[in-house]
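Colleague: I would like to go through this model feature by feature. Please give the general idea each time, and then the case at hand.

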Amino acid sequence: MDFYLNDEQLTLQQMCRNIGIKEIRPVAAKHDRDHTFPKETVDKLAELGLMGIYVPSEYGGAGMDFLSYILAVEEISRYCASTGVIISAHTSLAIDPIYRFGTKMQKEKYLPSLALGKNIGCIGLTEPNAGTDVSGIITTANLDKSKNEWIINGQKSFITNGNEAEVCVLFARTDPHPHRGLTAFIVHKQESPFVVGKCEEKMGICASSTTSLIFEDCRVPAENVLGEPGLGFKIAMETLNGGRIGIAAQALGIAQAALDDSIQYSKTRKQFDKTLSSFQAIQWQVADMATRIEAARLLLYRAASLKDQGENYIKESAMAKLYASETATFCAHKAIQIHGGYGYIKEFAVERYYRDARITEIYEGTSEAQRMVIAKSFLN
Ligand SMILES: Cc1cc2nc3c(=O)[nH]c(=O)nc-3n(C[C@H](O)[C@H](O)[C@H](O)COP(=O)(O)OP(=O)(O)OC[C@H]3O[C@@H](n4cnc5c(N)ncnc54)[C@H](O)[C@@H]3O)c2cc1C
């Protein structure tokens, strides 16, 4: 078994670490506090080819493997988890389904601008009454045969990148059947205008936008159906299987940041004339954090490698997301404890890690949903 990253992957990881330290970390707290989209960071990442890392170069991407993308999301999330989810939602949830299920024409038309970061992408799956249960989607798409266009009506909620996205991979009902009645569409805002609704005020990942999207007689050309009518449920599930690996990477980055800060702080803070790091109670917390992080990393890289090899990765992706997200919460919790009262105030980044970690257990399938997927793989 090979546990080593290749030279290309190590170079990318180091590049992301350098940008993270020099350019992302210094502005992360401000964007979090002001709830502002880190445009300058995203532009920089686009310049470096990081908005379409595993998209083939013929479609404007960097042409690297999926594991490289995961390394980048992990490393960037270590310095700003909001930036991590911006890239992850854009790549895993918008680019990926177009790349995997799109026609040649759709790929040529939409992928280059997304992969080059000229357009930001999002996924429109969740609705006010359809979260974990995707089959509850009530947004409708009706075919206007005279114009060969679908007319979409409905509302999507909690959409990451909703404020900035020009391209939305949207799921709507074209038939009453709960699963076979769902269809996926590529909706380009310029061609098929939709409205950005309420921008949510959140507990964490505050520099990423989370909005509702409103579709009122939104006309989408028939050629923008992804896959074919009725394939939406399958496309959604397969997209989330890959997306979960991206969120696991985001979670791992947060966990690593919590450990990094805890080590640094415990080596400098003194009580009873000794550094905190000399107390066994602190050492054990650091040991537990580091061990969980390493275990999460192995699950994560394995899931990503399986995807790269074209193997089935459904169970592994759910395990990686479940474990990495719970590790992020665990480590951020411990980091605050190690920082004592300072961990509870906003001057120290561990306070942000704690808020950012929590969402990783919820979106792209809650921890309960991951456990359902894992159990199903053994019990069905
Ligand atoms: C910040 C943020 C960003 C998001 N980004 C996006 C996005 O970009 N695109 C998008 O489409 N959606 C997005 N979402 C939505 C997110 O994916 C959903 O919130 C999530 O899937 C859970 O759905 P829900 O909130 O409706 O909770 P519900 O489905 O109502 O679940 C509530 C609770 O019940 C549990 N539960 C539900 N069903 C079962 C069951 N069968 N067995 C056991 N427990 C169950 C859940 O695990 C959870 O604990 C985002 C959400 C947030 C908060």
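Modeller: We can start with a single residue. T291 has a relative accessible area of 55% and is exposed, because the cut-off for exposed is over 50%. T291 belongs to helix α7, residues 280–308. Keep in mind that this is a predicted model.

Colleague: How far apart are the C-alpha atoms of T291 and G61?

Modeller: Those C-alpha atoms are separated by 35 Å, and the two residues are 230 apart along the chain.

Colleague: How do I read an aromatic pair, and how many does the structure hold?

Modeller: An aromatic ring pair is described by the distance of the centres and the angle of the planes. The structure holds nine such pairs. One of them is Y54 with Y69, a tilted pair with 5.2 Å centre to centre and 50° between the planes. Y54 sits in the loop between α2 (39–47) and α3 (66–79), while Y69 is in helix α3, so the pair ties together parts that are 15 residues apart in sequence.

Colleague: Are Y54 and Y69 buried or exposed?

Modeller: Y54 is buried, at 12% relative accessible area. Y69 is also buried, with a value of 0%.

Colleague: What is the geometry of the pair formed by F272 and F279?

Modeller: F272 and F279 are edge-to-face, with 6.5 Å centre to centre and 80° between the planes. F272 is exposed, with a relative accessible area of 75%. F279 counts as partly exposed at 24%.

Colleague: Which residues form an aromatic cluster with Y54?

Modeller: Y54, F66 and Y69 make up one aromatic cluster. F66 also has a charged neighbour: K307 lies over the face of its ring, at 4.9 Å from the ring centre.

Colleague: Where does the charged end of R292 sit?

Modeller: The charged end of R292 sits over the ring of F330, 3.6 Å from the ring centre.

Colleague: Let us turn to charge pairs. How many salt bridges does a search of the whole structure find?

Modeller: Side chains of opposite charge can pair when their charged atoms come close. The search of the whole structure finds 26 salt bridges. Among them is the one between the side chains of E23 and K44, at 3.9 Å from N to O. This pair links distant parts of the chain, with E23 in helix α1 and K44 in helix α2, 21 residues apart. E23 is partly exposed at 37% relative accessibility, and K44 is partly exposed at 25%.

Colleague: Which helix holds both K30 and D34?

Modeller: Both lie in helix α1, four residues apart, about one turn of the helix. K30 is partly exposed, with a relative accessibility of 47%, and D34 is partly exposed at 35%.

Colleague: Which residues do salt bridges that share partners join into one network?

Modeller: That network joins D96, R100, K234, E238 and K307.

Colleague: Why is α9 described as largely enclosed by the rest of the structure?

Modeller: Seven of the ten residues of α9 are buried, so the helix is largely enclosed. The buried residues are V350, E351, R352, Y353, R355, D356 and A357. What covers them includes α1, α3, α4 (81–101), α6 (232–268) and α8 (314–339).

Colleague: To end on the surface, which residues form a nonpolar patch there?

Modeller: M1, F3, Y4 and L298 form a nonpolar patch on the surface, and together they have about 600 Å² of accessible area. Y4 is placed in the segment before α1 (7–34). At 72% relative accessibility, Y4 counts as exposed.

Methods
Residues are numbered from 1 along each chain as its sequence is written. This is a predicted model: local features need pLDDT of at least 70, side-chain atom pairs count only at pLDDT 80 or more; totals for chains, interfaces and linings use all residues. Side-chain values use heavy atoms; hydrogens and water are left out. Rings of Phe, Tyr and Trp (its six-membered ring) pair if their centres lie within 6.5 Å; planes under 30 degrees apart count as stacked, over 60 as edge-to-face and the rest as tilted. Helices (H or I, at least four residues) and strands (E, at least two) are DSSP runs, numbered from the N terminus. Buried means under 20% relative accessible area, exposed over 50%, partly exposed in between (1.4 Å probe, protein chains only). A charge sits over a ring if NZ of Lys or CZ of Arg is within 6 Å of the ring centre and within 35 degrees of the ring normal. Patches are made of residues with over 30% relative accessible area and no salt bridge: like charges are joined within 9 Å, nonpolar side chains (Val, Leu, Ile, Met, Phe, Trp, Tyr) within 5 Å. Accessible areas come from the Shrake-Rupley method with a 1.4 Å probe; for residues, only the protein chains shown count as cover. A salt bridge is a side-chain nitrogen of Lys or Arg within 4 Å of a carboxyl oxygen of Asp or Glu. Contact means heavy atoms within 4.5 Å.
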